[in-house]
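Colleague: I would like to go through this model with you, pair by pair and helix by helix. Please show it first.

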Amino acid sequence: EAINVFEDYEARFGFIFYQSLHPEYFGLPADFPKTEEGAAKIKELREAFSADGGFASEIACRLVGLLNRHKNEAGEQTFLGGQTPTVADCLFVPIFTRLASGGLDHIAKDVWSKHADLKAYYDRFMALPKVAAWY
């Protein structure tokens, strides 16, 4: 189920993200991002994505729902697929890291961290010894 959420994210955000990198994939002129109209459209789409109630919030709610379904015996949230990390976690965590980096124009840095459950999930994943050693 988490993979389905990831695929939904990729489909929607991919369109928003890649319009500025490869506008020709979407039938737009190659210089689209450099035009006033193109820059304004990209800004509009990215700000809508990260706004409260935007698509990022929708994805966040779906992910929190998965986390809540897989609480451990103590009632604590664990990972997207259950008590141990899965490939789904490995797909989402780099996305959280990239979006929170501030390196994407018009994407709020707190797009995920403003959701306390997702911030705690991210911190839990990053604290895994093998992950912590890598990052």
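Colleague: In which helix do Asp-123 and Lys-119 both lie, and how many residues apart?

Modeller: A caution comes before the answer: this is a predicted model, in which local features need pLDDT of at least 70 and side-chain atom pairs count only at pLDDT 80 or more, while totals for chains, interfaces and linings use all residues. Residues are numbered from 1 along each chain as its sequence is written, and side-chain values use heavy atoms, with hydrogens and water left out. Helices here are DSSP runs of H or I with at least four residues, numbered from the N terminus. Asp-123 and Lys-119 are about one turn of the helix apart, both in α5, and the separation is four residues.

Colleague: How far apart are the closest N and O atoms of Asp-123 and Lys-119?

Modeller: The two side chains form a salt bridge, meaning a side-chain nitrogen of Lys or Arg within 4 Å of a carboxyl oxygen of Asp or Glu. Asp-123 is partly exposed at 35% relative accessibility, and Lys-119 is partly exposed with a relative accessible area of 35%; buried is under 20%, exposed over 50% and partly exposed in between, with a 1.4 Å probe and protein chains only. The closest N and O atoms of the pair are 2.9 Å apart.

Colleague: How many salt bridges does the structure hold?

Modeller: Side chains of opposite charge can pair when their charged atoms come close. The pair of Asp-123 and Lys-119 forms a salt bridge, and Arg-62 forms one with Asp-8. The total for the structure is six.

Colleague: How many residues apart in sequence are the parts that Arg-62 and Asp-8 tie together?

Modeller: The closest N and O atoms of Arg-62 and Asp-8 are 2.7 Å apart. Arg-62 lies in helix α3 (residues 55-69) and Asp-8 in helix α1 (residues 2-21), so the bridge ties together parts whose separation in sequence is 54 residues.

Colleague: Is Asp-52 buried or exposed?

Modeller: Asp-52 meets Lys-114 in a salt bridge of 2.7 Å, N to O. Asp-52 lies in the loop between α2 (36-50) and α3 and Lys-114 in the loop between α4 (87-100) and α5 (116-126), so the pair ties together parts 62 residues apart in sequence. Lys-114 is partly exposed at 32%. With a relative accessible area of 66%, Asp-52 is exposed.

Colleague: What is the C-alpha to C-alpha distance between Phe-49 and Ile-16?

Modeller: Phe-49 sits in helix α2 and is buried at 2% relative accessibility. Beyond its neighbours within four places in sequence, Phe-49 is in contact (heavy atoms within 4.5 Å) with residues including Ile-16, Tyr-9, Phe-13, Leu-99 and Val-111. Phe-49 and Ile-16 are 33 residues apart in sequence, and their C-alpha distance is 8.4 Å.

Colleague: Which residues of α5 make the contact with α4?

Modeller: The axes, lines fitted to C-alpha atoms over the stretch in contact with angles from 0 to 180 degrees between N-to-C directions, come within 11 Å and cross at roughly 110° for α4 and α5. The helices are therefore roughly perpendicular to each other, a term for angles of 65 to 115 degrees. On the α4 side the contact is made by Asp-89, Cys-90, Val-93, Phe-96 and Thr-97. On the α5 side it is made by Leu-118, Tyr-121, Tyr-122, Phe-125 and Met-126.

Conventions
Helix = DSSP H or I, 4+ residues; strand = E, 2+ residues; numbered from the N terminus. Parallel < 35°, antiparallel > 145°, perpendicular 65-115°, else oblique.
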